Amino acid sequence: MNTRDLQAFVAVVESGSMVRAAERLFLTQPGLTRRVQNLETMLGIELLDRQSKPLKPTAAGSDVYGLARAVLRAVDDLLAVASPDSEPAGEFRIGVPPFLSEMALEQPIDRLRAAFPNLTLRVTAGWSPGLLEGIEKAKADAVVVLLPEGVPLPAGLTSTLLAYKPTVVVAPRSFSLPDKPVSLADLAIYPWVLNQDGCGMRSALSRAMSAAGLPFNVAVEAFGSELQLSLVARALGVGLAAPEVLARSPHRNALQIVDVPEFNSGLNVWLVHAVLPGRLVRPVAVMRDALIETLERDAVCLPLTDSVA
């Protein structure tokens, strides 16, 4: 089996286009097509649904994609064993939730680029369940996920706890909520402004409301912390926010932090990966240390029931 044929097929699946895959591998489009066809002929199956736009793998092609990635990573491992001191190169596929992509990736990426200039970083954002699935299906090398306490991680993966991130309930000051602890029942009469399903903070809140037998009305699903805070400030509902995001928001003075003792809204931040190829051991360690430093530096303490000056 020719590993170049595997590389061509993997590139097509990941780019969704013969043209972009050819550019990525510095091939002509006919040359790339021949490599994919060679692999299909050898396996005796169609790997791509050529009627779909963008190109997608067939059901069998999805299975072959995961195995092809594993083969190519094994080849990388062999090369790393032969040259253990060689400079890390190739792709490093990182998955992060939107919350971290907004506030905690600058320093890790700067350090990775400075330490490993021949490494290509491919960063994607997604919700934690999808990121974990990506690790299990070999579609990412390392992911950072946000999970409520007590939620188990998949077996067979290496997981490192990076930080604990508190979140706070925020309401517009125009709601005139009392400056004392309130219950989830008190908040159940208000709609919520939250991320889409899959967000760890929303999942924790949904479970808490369900356990209390309370209605859970999401008025607006909005992507991005700053947009959500602006909507809450305009009295479209109650929301959740990370304290450090709230502290930097231009809307902070229009918002009230609500103390809800029965709702533990914090999330654990985990770095998760499968067995790493030798070339990625050092990059993952650099990313881990940089994330820990960034998350510790950005941690702030905010007074409950008060705005952030």
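**Entry 1: the largest pocket**

I began with the elements around the largest pocket: α1 (3-15), α2 (18-25), α4 (59-82), β3 (90-96) and β4 (119-125) each supply at least two residues of its lining. A reminder to myself before going on: this is a predicted model. Which element gives the most to the lining of the largest pocket? I found that α4 does, with five residues.

Next I looked up the volume of the largest pocket, which is about 450 Å³. I counted 18 residues in the lining, and Q7, R24, L25, L72 and E91 lie nearest the centre of the pocket. By residue class, I noted seven nonpolar, four polar and seven charged residues in the lining of the largest pocket. I also checked the domains here: domain 1 (3-80) and domain 2 (90-162 + 267-301) each give at least three residues to this lining.

**Entry 2: the second largest pocket**

I moved on to the second largest pocket and read off about 360 Å³ of space. Its lining has 15 residues, with Y65, R93, T124, K139 and A140 closest to the centre. For the elements, I wrote down α1, β3, β4 and α7 (128-136), each of which supplies at least two residues of the lining of the second largest pocket. The split by class is six nonpolar, four polar and five charged residues.

**Entry 3: aromatic pairs**

How many aromatic pairs does the structure hold? I found two aromatic pairs.

F175 and Y190 form a stacked pair, with 4.7 Å centre to centre and 15 degrees between the planes. I located F175 in the loop between β7 (168-172) and α8 (184-187), and Y190 in the loop between α8 and β8 (192-194); the two are 15 residues apart, and the pair links distant parts of the chain. Is Y190 buried or exposed? Its relative accessibility is 18%, and the cut-off for buried is under 20%, so I put Y190 down as buried.

**Entry 4: G239**

I looked up G239 and found this residue in strand β10 (residues 238-241). Because its relative accessibility is 1%, G239 counts as buried. I also checked G239 against P191: their C-alpha atoms are separated by 8.8 Å, although the two residues are 48 apart along the chain.

**Entry 5: domains and the record**

I finished with the domain assignment, which gives domain 1 (3-80), domain 2 (90-162 + 267-301) and domain 3 (164-265). Taken over C-alpha atoms, the centres of domain 1 and domain 3 are 44 Å apart.

The UniProt record, an unreviewed entry, places "domain: HTH lysR-type" at residues 1-58. Over residues 1-58 I noted 62% helix and 7% strand, with the end C-alpha atoms 20 Å apart.

Definitions and conventions: Residues numbered from 1 in each chain as written. Predicted model: local features only at pLDDT ≥ 70, side-chain atom pairs only at ≥ 80, totals over all residues. Heavy atoms only, no water. 1 Å grid on protein atoms, 1.4 Å probe; cavity = no way out; pocket = protein on both sides within 12 Å on 5 of 7 lines; lining within 4 Å. Points joined across faces, edges and corners; volume = space filled by probe spheres on them. Helix = DSSP H or I, 4+ residues; strand = E, 2+ residues; numbered from the N terminus. Nonpolar A, V, L, I, M, F, W, Y, C, P; charged D, E, K, R; others polar. Domains from an automatic or database assignment. Phe/Tyr/Trp six-rings, centres within 6.5 Å; stacked < 30°, edge-to-face > 60°. Buried < 20%, exposed > 50% of the residue type's maximum accessible area, 1.4 Å probe, protein only. UniProt positions renumbered as here; feature names shortened; annotations may be inferred.
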